[in-house]
Amino acid sequence: MNIGISACLLGECCTYKGDNHLISELLVMDDFHFISVCPEVMGGLTIPRDPCEIISYNPLKIISIKGEDKTKAYLQGSYKALELFKENHVEIALLKYKSPSCSCDKIYDGTFTGKLVDGQGIFAAICQKNQITVFHEKQLDEFIAYIKKRRY
């Protein structure tokens, strides 16, 4: 089974700080094939990069802490990552919590103060609109139970 995953969760140093969020338990899950993406990098953003937050959904606007509009890069990268998932028949994904791209639960509120609000990252929302079930790394137990159930 092919499973989509945020590249940083597999140890790729692609976060805005240039580090990763490796979940070592994933490295021993050899029953599954991970399709690794970083929509931000796929959209042309650098490593490291300024932190960005979603400041509005309608119209969509994602800005950096310096006030630069990064919406286009986030959208381009999200659609490139979605195409990779589709090419590999990904139906389930484990994505990065709190990310303006990948979060499927909580995001920062757009003020760069560290406050979390209910919301989705752009890529997570696009995945769900394309019938890809998404989890974030704080839901690891639920994710593992779900994929094991789907395998049988």
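Me: What makes a contact a salt bridge?
Reply: A salt bridge is a side-chain nitrogen of Lys or Arg within 4 Å of a carboxyl oxygen of Asp or Glu. This is a predicted model, and a search of the whole structure finds 5 salt bridges.

Me: Why is the contact of Asp50 with Lys66 called a salt bridge?
Reply: The closest N and O atoms of Asp50 and Lys66 are 3.5 Å apart. The cut-off is within 4 Å, so the pair counts as a salt bridge.

Me: What does the pair of Asp50 and Lys66 tie together?
Reply: Asp50 lies in the loop between helix H1 (39-42) and strand S3 (52-57). Lys66 lies in the loop between strand S4 (60-64) and helix H2 (71-87). The pair therefore ties together parts that are 16 residues apart in sequence.

Me: Why is Lys66 called exposed?
Reply: Lys66 has 62% relative accessibility. Exposed means over 50%, so Lys66 counts as exposed.

Me: Why is Asp50 called partly exposed?
Reply: The relative accessible area of Asp50 is 26%. Buried means under 20% and exposed over 50%; the value for Asp50 falls in between, so Asp50 is partly exposed.

Me: How do you know that Glu40 and Arg49 meet in a salt bridge?
Reply: Their side chains come to 2.8 Å, N to O. That is within 4 Å, so Glu40 and Arg49 form a salt bridge.

Me: Are Glu40 and Arg49 buried or exposed?
Reply: Glu40 has a relative accessible area of 8%, and Arg49 is at 10%. Buried means under 20%, so Glu40 and Arg49 are buried.

How values were computed
Residues are numbered from 1 along each chain as its sequence is written. This is a predicted model: local features need pLDDT of at least 70, side-chain atom pairs count only at pLDDT 80 or more; totals for chains, interfaces and linings use all residues. Side-chain values use heavy atoms; hydrogens and water are left out. Buried means under 20% relative accessible area, exposed over 50%, partly exposed in between (1.4 Å probe, protein chains only). Helices (H or I, at least four residues) and strands (E, at least two) are DSSP runs, numbered from the N terminus.
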